Amino acid sequence: MTLLKTAPNFRDIGGLPARDGRIVRAGLVYRSDALDALDADDLARLASLSPKVCCDLRSDGERRQRPHRWPLGAEPRVLNLSVATDIRVLMPELVLELRNNATAEGAGALMRHLYRDLPTVCVPVLKRVFELLLDEDTEQLPLVVNCTAGKDRTGFVVAMLLHAVGVPEDAVLADYLRSNDASNRASLQVKVAHLLHDLLGATAPPDMLAAIVAARPDYLDSSLAKIAADHGSVEGYLTRVIGLNDSQRERLASRLLVH
């Protein structure tokens, strides 16, 4: 169900199953694309959800270009937690690589490269998100995690959160792939087309655009494979890199899961 028609990738992660038979509690964590175009109806709807904190993973430039709109009197605390790996902030060598292979295959390879970087560049973000979720002394929930499209940076961070509370991998992947259902894909494709034209100096073919706009299993798998290669497993990554111990994971599950 689309909660906000002007931010169609805004959704509640509630209802996903955990391995122990519990489910993720609804109304506590939302994931989203940019919230810059909310109309009056969606502002009222967002106010009714009462978000307390927004973790905005966009770059400073993205935030300046598309500042969020919040309901008057119901603005959450916004944490600007920039993640510098995204199609919009490509390193020069990746731009050159894409120019040399401006095809759907080249775009797919680029996206897999970006996803392999996410476990490293998202470490500070994940530490902060888990800190917020474990803070029972102050009102941090409901929490919103967003980037521009709500699928890559947000997709990885939410996937790690779901892994941490025991959601099985197939359900994590299914949630990630729901970004393909968002009705803003056409408008996102137009934005990416302009971006690629600026980067490549030519019009990108439709299948190349589609490869960048899509949420694909092989993209998220690239992050998970990198984690497995460097840390043995997601559990090892969460424990040794993010610093999430067993006691904290149990507390996190008790907050976010329900029978």
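Predicted model: local features only at pLDDT ≥ 70, side-chain atom pairs only at ≥ 80, totals over all residues.

Visitor: Why is Thr148 called buried?

Guide: Buried means under 20% relative accessible area, exposed means over 50%, and partly exposed is in between (1.4 Å probe, protein chains only). Thr148 has a relative accessible area of 8%, so it counts as buried. You'll find Thr148 in the loop between strand E6 (143-146) and helix H6 (153-164); helices (H or I, at least four residues) and strands (E, at least two) are DSSP runs, numbered from the N terminus.

Visitor: What makes the link between Thr148 and Glu62 a polar contact?

Guide: That term needs a pair of N or O atoms within 3.5 Å; within protein, one must be able to donate a hydrogen and the other to accept it, and residues adjacent in sequence count only if both atoms are side-chain atoms. The side chains of Thr148 and Glu62 make such a contact at 2.5 Å.

Visitor: How do you know that Arg66 and Asp36 form a salt bridge?

Guide: The rule asks for a side-chain nitrogen of Lys or Arg within 4 Å of a carboxyl oxygen of Asp or Glu. For Arg66 and Asp36 the closest N and O atoms are 3.0 Å apart, and they form a salt bridge. Arg66 sits in the loop between H2 and E5, Asp36 in the loop between E3 and helix H1 (40-49), 30 residues apart. With 21% relative accessibility, Asp36 is called partly exposed. The rule gives a count of 17 salt bridges.

Visitor: What makes the pair of Arg112 and Asp218 a tie between parts of the chain?

Guide: Their closest N and O atoms are 2.9 Å apart, in a salt bridge. Arg112 lies in helix H4 and Asp218 in helix H10 (residues 217-231), so parts 106 residues apart in sequence are tied together. Arg112, at 26% relative accessible area, is partly exposed, and Asp218 is partly exposed too, at 25%.

Visitor: How do you know that the length of helix H4 agrees with what it should be?

Guide: The expected span of a helix is 1.5 Å times one less than its number of residues. H4 (residues 104-121) has 18 residues, so it should span 26 Å; its end C-alpha atoms are 25 Å apart, which agrees. Its buried residues include Leu110, Met111 and Tyr115.

Visitor: Why are E4 and E5 called paired strands?

Guide: Two strands pair if DSSP finds at least two bridges between them. Strand E4 (residues 53-56) and strand E5 (residues 77-80) have 4 bridges, in the parallel sense. Cys55 stands opposite Leu79 in E5.

Visitor: What makes the unit of E4, helix H2 and E5 right-handed?

Guide: Point the strands away from you: a crossover is right-handed if the path from the first strand over the helix to the second runs clockwise. E4, helix H2 (residues 60-65) and E5 make a right-handed β-α-β unit.

Notes:
Residues numbered from 1 in each chain as written. Heavy atoms only, no water.
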